[in-house]
Amino acid sequence: MNEPILTLHDISMYFPGIKALDGVKLAVRPGEVHALIGENGAGKSTLVKIMTGVYRPTEGVINYLGEDVSFKSPQDAQRVGIAVIHQETSMFGDLTVAENIFMGHMPRARQARERTLFNPVSWTGMYGRAKALLARLGMTIDPRTLVKDLSTAERHLVEIAKALSREAKVLIMDEPTSALTIRETEELLVLVRKLRDEGVAIVFISHKFEELFEIADRYTVLRDGRYIGEGSMKDAKEGELVKMMVGRSIDQLFPKAEAEIGEVALRATGLSQSGVFRDVGFEVRKGEILGFFGLVGAGRSEVMRALIGVDRLDGGEIELGGETVRFRNPGESMRKGIAYVPEDRQGQGAVLTMSIANNITLPQIDGLSNRGFLDAGKERSVAEEYARMLEVKAAGIQYDVQTLSGGNQQKVVLAKWLASNPSILILDEPTKGIDVATKSAVHAIVSELARQGLAVIMVSSELPEIIGMTDRVVVMHEGVVSDRFERKDYHEEDIMRAAMGSERVAAGEKR
Ligand SMILES: Nc1ncnc2c1ncn2[C@@H]1O[C@H](COP(=O)(O)OP(=O)(O)OP(=O)(O)O)[C@@H](O)[C@H]1O
Ligand SMILES: [Mg+2]
């Protein structure tokens, strides 16, 4: 085996009220993909930030290329060849793709006619190189596109291009696939393998085991900020890794309970938004979990957002409990008992600079107030109940959401909507970025809510989740419903094929 290129010894990191890392070690070698595994809040992203100069560790030593180093800033680490794709994207929406990629190291203009005193950058050079980099990633997007006009998946790919725009010896990827679909993930893994074969050392974080087994050569497991163990991926068993992560074996992943299916809670017909989706119709009954499956960009989230009044609806009808409705803003649908848990927790889900308690009780602030004054005791007990139910890992519910790990932020968003007591619950990728143990807890909660008569719509790009949890599934492809399936007819290949846009072979009850 090669000598490690990057080694961390005895790393500890303290935050107010919490010891995020406690004596952790990690050794990464050139030409290997090293999986960093652990539950939400185990300390993975914190370790990444230490390796990349975002944080300086409270204790411990970093050795890089045979020397002890101390990075004073992220630029320090970047300059010596450590590139990173952080869990939460950090790009500038109002700049172009190319500008984001070359931020901080724009190609210099060589020809005098391109160079001016105030503008030494070679724009043609920059756009050309951006285009080449994107092509290497199999992307055809125009480098002049503004980042805010990209989809989540495209943004992630641009982040990778950005990381690769410098000659990286170490590439750290913190949940790079959490926003990608199966096909996009495959493309990314091809790229990761290629970089590994070129000798790059890769640290790869993911909560998806199939992916880790497919791509990783070695692994290191963290639990509660501590080093638990490491080994070769090909000798590892999933059950053992889970046990190392969680400290116990976990229950069933998709504990779908039998629920009595009641009357139609919501019916939509002919929903359209020009250029985005058209003629989408479905109904969801009390006690039912209706799945929405498709590839990223199929239009599922867009349908939900238009349904609840975030975005406009150009056509179609919505019936809620027998009454025809049309929501002009999300406040209206919320008051009618529809809760929508968005996919993008940072942008739409949580107020990062507010406490966990305030976030959880935000949608029911009226119910918790008495003549305009918030009942703090009541707020606290509601927030505590839900934070406990979803096992939000935090030093206390009075802390800001931004101090939580990515997965725990997601749990707060879920808690907030569950606490609002809705009659229809729309979940957009509810377990994205959530670790195995919590995933199973989330599934159990959703299943129990359905049993109690809640109507649930679950948008998910994870086929096992759709198959495991839903009663019926609507499959979308490029803005239209391509097929529908009942639980008794679920076949992975059929659903996948419908998502890719091909017709079902046998004649079904297609509408
Ligand atoms: N800036 C901060 N201030 C206070 N606490 C923090 C801060 N950053 C992280 N923490 C805490 O450190 C612990 C580890 O968080 P970290 O983000 O490293 O977890 P993670 O393993 O990446 O989890 P996930 O899988 O959810 O992304 C968590 O308890 C988190 O609340
Ligand atoms: Mg993280």
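**View 1. Polar contacts of ligand 1.** A polar side-chain atom of Tyr-55 lies 3.3 Å from a nitrogen atom of ligand 1. Asn-40 also places a polar side-chain atom by the ligand, 2.9 Å from an oxygen atom. From Thr-403 the atom involved belongs to the backbone: this polar atom is 2.8 Å from an oxygen atom of ligand 1. A polar contact here is a pair of N or O atoms within 3.5 Å; within protein, one must be able to donate a hydrogen and the other to accept it, and residues adjacent in sequence count only if both atoms are side-chain atoms. The protein buries 90% of the 640 Å² that ligand 1 exposes when taken alone (accessible areas by the Shrake-Rupley method with a 1.4 Å probe).

The model is predicted: local features need pLDDT of at least 70 and side-chain atom pairs count only at pLDDT 80 or more, while totals for chains, interfaces and linings use all residues. Residues are numbered from 1 along each chain as its sequence is written, chains are lettered from A and ligands numbered from 1 in the order in which they are written, and side-chain values use heavy atoms, with hydrogens and water left out.

**View 2. The shell around ligand 1.** There are 21 residues around ligand 1, and Gly-41, Lys-44, Thr-46, Ser-405 and Gly-407 come nearest (near: a heavy atom within 4 Å). By class, the shell has 6 nonpolar, 11 polar and 4 charged residues; Gly counts as polar in this scheme. Strand E2 (18–28), helix H1 (44–51) and helix H14 (406–419) each supply at least two residues, and H1 gives the most, with 3. Helices (H or I, at least four residues) and strands (E, at least two) are DSSP runs, numbered from the N terminus.

View 3. Six strands form an open sheet in the order E6-E7-E8-E3-E9-E10, with mixed pairing (two strands pair if DSSP finds at least two bridges between them). Strand E6 (82–85) and strand E10 (226–232) are the edges, each pairing on one side only. E6 and strand E7 (residues 170–174) run parallel, joined by 4 bridges. One bridge partner pair is Val-84 with Ile-172 of E7.

**View 4. The hairpin of E9 and E10.** E9 and E10 are antiparallel, paired over 6 bridges. Leu-222 has Tyr-227 of E10 as its bridge partner. The hairpin has 2 residues between the strands, and Asp-224 takes a positive phi near 50 degrees.
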